[in-house]
Amino acid sequence: IQMLIDDATRLPLVGAALAANPLFTAALQRGVAVQMASGVDLARARELASAPSPHYWLQEDVPVVLAIGRLHPQKNRGLLIEAAGLLRRTRRVRLVIIGAGVAE
């Protein structure tokens with residue numbers, strides 16, 4: 001990982017915790033890495049987390065496996081679906097996949 005960091009021309013580090021990681025010290029000093037504020041409004045996220053569930057699936061005491069990302073082969077959603085199917089043999093679980101792209 002350090003070799004990739006050292007070879008980078010630009011590294012956006014989202015959040016103070018990532019920028020505090022010693023792996024990025026030299027890149028920050030060289031000006032290659034730049035710390036960026038997170039775009040998440042924590043107060044609003046906490047408010048929404050304590051609100052009633054927006055969907056009946058989330059009101060039941062059943063684990064939900066959530067995958068968010070583009071729908072491309074390298075994400076291997078097929079393996080995720082297979083794993084969720086195996087898990088369902090022993091317990092109730094729900095799988096939600098959110099993304100866009102071409103499922104190839």
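**Exercise 1. Find the partner of Glu 47 in a salt bridge, and say why the two residues are about one helical turn apart.**

Step 1. In this predicted model, Glu 47 forms a salt bridge with Arg 44, and the closest N and O atoms are 2.8 Å apart. The cut-off for a salt bridge is 4 Å between a side-chain nitrogen of Lys or Arg and a carboxyl oxygen of Asp or Glu, and the pair of Glu 47 and Arg 44 is counted on that basis.

Step 2. Glu 47 and Arg 44 both belong to helix 4, residues 42-50, and because they are three residues apart, about one helical turn separates them.

Step 3. Recall the geometry. An α-helix has 3.6 residues a turn, so residues three or four places apart point the same way.

Step 4. Check the exposure of each residue. Glu 47 has a relative accessibility of 46% and therefore counts as partly exposed. Arg 44, at 39%, also counts as partly exposed.

**Exercise 2. Describe the setting of helix 4: which residue caps its N-terminal end, and how many of its nine residues are buried?**

Step 1. The cap is Asp 41. One of its side-chain oxygens lies 3.2 Å from the backbone nitrogen of Ala 43.

Step 2. Buried means under 20% relative accessible area. The number of buried residues among the nine of helix 4 is zero, so the helix lies largely in the open.

Step 3. For a distance across the model, take Arg 44 and Ile 97. They are 53 residues apart in sequence, and their C-alpha atoms are 24 Å apart in space.

**Exercise 3. Work out which residues are linked with Glu 60 in a network of salt bridges.**

Step 1. Start with the total. The count of salt bridges comes to three.

Step 2. Take Arg 92. The side chains of Glu 60 and Arg 92 meet in a salt bridge, with 3.2 Å from N to O. This pair links distant parts of the chain, 32 residues apart: Glu 60 sits in the loop between helix 4 and strand 3 (64-68), and Arg 92 in the loop between helix 5 (77-87) and strand 4.

Step 3. Take Arg 94. Its side chain meets that of Glu 60 in a salt bridge of 3.4 Å, N to O. Here too the pair links distant parts of the chain, with Glu 60 in its loop and Arg 94 in strand 4, 34 residues apart.

Step 4. Glu 60, Arg 92 and Arg 94 are linked in a network of salt bridges. As for the setting of Glu 60, this residue counts as partly exposed because its relative accessibility is 33%.

**Exercise 4. Is Arg 94 buried or exposed, and what does its side chain reach?**

Step 1. Locate the residue. Arg 94 is found in strand 4, which covers residues 94-98.

Step 2. Apply the cut-off. Buried means under 20% relative accessible area; Arg 94 has a relative accessibility of 11%, so this residue counts as buried.

Step 3. List the polar partners. The side chain of Arg 94 reaches the backbone oxygen of Trp 57 at 3.0 Å. A polar contact of 3.4 Å also joins the side chains of Arg 94 and Glu 60.

Step 4. Leaving out residues up to four places away in sequence, Arg 94 touches Trp 57, Glu 60, Val 62, Pro 63, Val 64 and Val 65.

**Exercise 5. In which sense do strand 3 and strand 4 pair, and what unit do they make with helix 5?**

Step 1. Strand 3 and strand 4 pair in the parallel sense, over five bridges. Ile 68 stands opposite Ile 98 of strand 4.

Step 2. Strand 3, helix 5 and strand 4 make a right-handed β-α-β unit.

Step 3. The protein has five helices and four strands, and along the sequence they follow the pattern α-β-α-α-β-α-β-α-β.

**Exercise 6. Compare the protein with a compact globule of 104 residues.**

Step 1. A compact globule of that length would have a radius of gyration near 13 Å, but the protein has 19 Å.

Step 2. The C-alpha trace spans about 50 × 35 × 25 Å along its principal axes.

Step 3. Buried residues make up 16% of the 104 residues.

Step 4. Of the contacts with a separation of 6 or more, 46% are between residues 24 or more positions apart.

Technical notes:
Residues are numbered from 1 along each chain as its sequence is written. This is a predicted model: local features need pLDDT of at least 70, side-chain atom pairs count only at pLDDT 80 or more; totals for chains, interfaces and linings use all residues. Side-chain values use heavy atoms; hydrogens and water are left out. Buried means under 20% relative accessible area, exposed over 50%, partly exposed in between (1.4 Å probe, protein chains only). A polar contact is a pair of N or O atoms within 3.5 Å; within protein, one must be able to donate a hydrogen and the other to accept it, and residues adjacent in sequence count only if both atoms are side-chain atoms. Contact means heavy atoms within 4.5 Å. Two strands pair if DSSP finds at least two bridges between them. A crossover is right-handed if, with the strands pointing away from the viewer, the path from the first strand over the helix to the second runs clockwise. The radius of gyration is taken over C-alpha atoms; the globule rule is 2.2 Å times the number of residues to the power 0.38.
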